[in-house]
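Me: Could you take a close look at one part of this predicted model for me? I would like to start with a single strand and then follow the chain from there.

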Amino acid sequence: MSMFEDIPVDVGVVYEGERIRFKDTQVELGGERAEAKFELVRVKGLDEIEDGKISVIGPDIKDMKEGSTNPFGIYIEVAGKKVEEELEGVIERRIHEYCNFIEGIMHLNQRYDIWLRLSKKSFKKGFNSFHVMGKVLQRLFKSELPFIEKIQITFITDPKKVKKMYDEAIKIYEARDAKARGMKDEEADAFYGCTLCQSFAPTHCCVITPQRYSNCGSISWFDGRASAQVDPKGPVFAIDKGECLDPFKGEYTGVNDVIKEKTMGEINRVCLYTAFENPHTSCGCFEAVAFYIPEVDGLGIVHRGFKDVTVNGLPFSTLADSTAGGRQVEGFHGLSIEYMRSPKLLQVDDGWSRIVWMPATIKERVLDFIPQDMVDKIATENEAKNLDELKAFLQEKNHPVVKRWKAMPVEVAPKAEEAEQAVPSLEVPISGIPISAGGFEIILKDAKIYAKKVVIRKVKK
Ligand code: ZN
C-alpha cells in the first residue's frame, strides 16, 4: 500500500535506515565516485515560485545506465509568509530524512557530500523519473513543515551544470557557517539537540551549541534555534542548559538529562569538548573523524572525501566504522569541519596542540583558524605518509606532543572515577586476541598494532 496513490513505491518512516548495496542499485547519485554533488535549499518570495513545479536538468533516471554513478544536485526553492532565510539550513537537512522515507531510496550525508542510491526493485516498480521523487518530497515538505506554502524542485544531473551550481552552493554554506562564529557557548541561553540521525545511529543525539556545530556540519546553533521555533516537536529541539558542571570540559546537567532521555538511558554523560572521557556520540554522517594515534600520543583528523589511507595506514571508511553508530568511543570522534574553526575544538585534549596530522585540503580550509605557531607543526599527507615519517616530522618541528613522549609511562592505574565508567575494549581481530579490561582504561602508548580493521565496543555491564 502506498502512502500516495499515484506513486509507484511505498513511502513511510519504516524505510528510514534502509541500506542499498551496490549490486542492488539501479543508479547511484553523488557519492565518492561522483565528482560533484550537492543539495541546497533557498528561500524565495511567494511570487518567485511556481508551486509544484519539478524540473530535471540533464538525463532523467530512465536515461541513466544501470549501475552507473552520476553527478547530482537537488535544488529546492521554498516560500511562505513565515519562511525566513534563517530556515534554509534546517529545511535542507530534512531532505535526508524525507528521501529516506521513500522505499528504495538511500540518502546519506549532506550538503556537498550527498550520496543516494535507487534500488533496482523500486526502479522495476516504476520509479524511473525524478518527477516521482520530486512529488514525494514536495508533499512531505508541505505536510511536515506546514509553514512552507510553495515549493519547487530542480534535479540536476548535467555534469557541467552540477559543477557550476556546486561552486555556488559552497559559497552559500560558507556564508551560513560564518554567521554563527564569534558567539560563545557560555552566552547562549539554550542549546539545541538533533535526533535526525537516530534511524542510522539509535543512541545518537547531537548537541548543537554556538561553538560546537552538529557532527554533519549542516546545522548551526542558529539553524537549531530557527527549527525549534517553527517545529518544536520535530527532531531538532531546544535543550535547557541546566547547571554548568565544568565549563572547560563542557558538561551541563541539562545536556546530560536530555542525552539520557533521548538514548533511553544508554548514555548518561557527555562532555562537549573532548574525544576521550565521556565524549560526544558519533552518528554516521560526520564530515570528519578525529582519531587517536598512540604511537605519537596525538590526534589525526581525516575527512570523508580523503581517498588515500591516513598516516596510520587506515582509510576514512575504516576509521568511520570504528567511530559511528551513536557510540561514545574514546579516541575516535566524529566531527564537522566547522567545529575545527571553533576555539573550543577538543580543548580538553589540548586542541590544536594535540593534532598531528590531517589531509592538506582540510588544513587549507581551516588554515585561518589554526593558531599561528601550530600551522607548520601539523603534518599532511605531503609531509608524512606513515608513522615513521610522522614521528620524524613532529620531532623536527618540535610539535607539543613530543614533550609527552619523554614521559610515556605505561599507564595502568586509572583514577577512581574513571574506573566507574563503561570502558571500550580493544579488539584486534587479525590476531584473534581481544584486549579487554573490565572497568579499567588501558592506554597503549608506543605500541604497534597492525590490523585490517579495528573494532572498539563499549563493554556492557
Ligand atoms: Zn548525523
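**A covered strand and what lies beyond**

Reply: Happy to. Strand β8, residues 150-156, is mostly covered, with 6 of its 7 residues buried. As this is a predicted model, please read everything here as computed from it.

Two strands pair with β8. Strand β3 (residues 54-57) runs parallel to β8 and is joined to it by 4 bridges. Within that pairing, isoleucine 57 has isoleucine 156 of β8 as its bridge partner. Strand β5 (residues 72-79) runs antiparallel to β8, and here the bridges number 7. In this second pairing, isoleucine 151 of β8 stands opposite valine 78. As background, side chains in a regular strand alternate between the two faces of the sheet.

Now for the helices. Helix α7 (residues 316-323) has 6 of its 8 residues buried, so the rest of the structure largely encloses it. The buried residues of α7 are Phe316, Thr318, Leu319, Ala320, Ser322 and Thr323. Just after α7 comes glycine 325, with a positive phi of about 105 degrees.

Helix α9, residues 387-397, has Leu390, Phe393 and Leu394 as its buried residues. These cover an arc of only 95 degrees around the axis, which means that they sit on the same side of α9. The exposed residues Asp388 and Glu396 are carried by the face of α9 turned away from that buried side. The cover over the buried residues of α9 includes β17 (355-357) and α10 (401-406). After α9 comes asparagine 398, and its phi is positive, near 55 degrees.

Asparagine 278 is not a glycine, yet has a positive phi of about 50 degrees. You will find asparagine 278 in the loop between α6 (253-262) and β14 (288-293). With 19 other C-beta atoms within 10 Å, asparagine 278 is partly exposed, because a residue counts as buried if 20 or more lie within that distance.

Leucine 346 is not a glycine either, and its positive phi is about 40 degrees. Leucine 346 lies in the loop between β16 (332-335) and β17, and β17 is one of the elements covering the buried residues of α9. Leucine 346 has 25 C-beta neighbours inside 10 Å, so it counts as buried.

Terms used:
Residues are numbered from 1 along each chain as its sequence is written. This is a predicted model: local features need pLDDT of at least 70, side-chain atom pairs count only at pLDDT 80 or more; totals for chains, interfaces and linings use all residues. A residue is buried if 20 or more other C-beta atoms lie within 10 Å of its own, exposed if 12 or fewer, and partly exposed in between; C-beta atoms are placed from the backbone. The arc is that of the directions from the helix axis to the C-beta atoms. Two residues are in contact if their C-beta atoms, placed from the backbone, lie within 7 Å. Two strands pair if DSSP finds at least two bridges between them.
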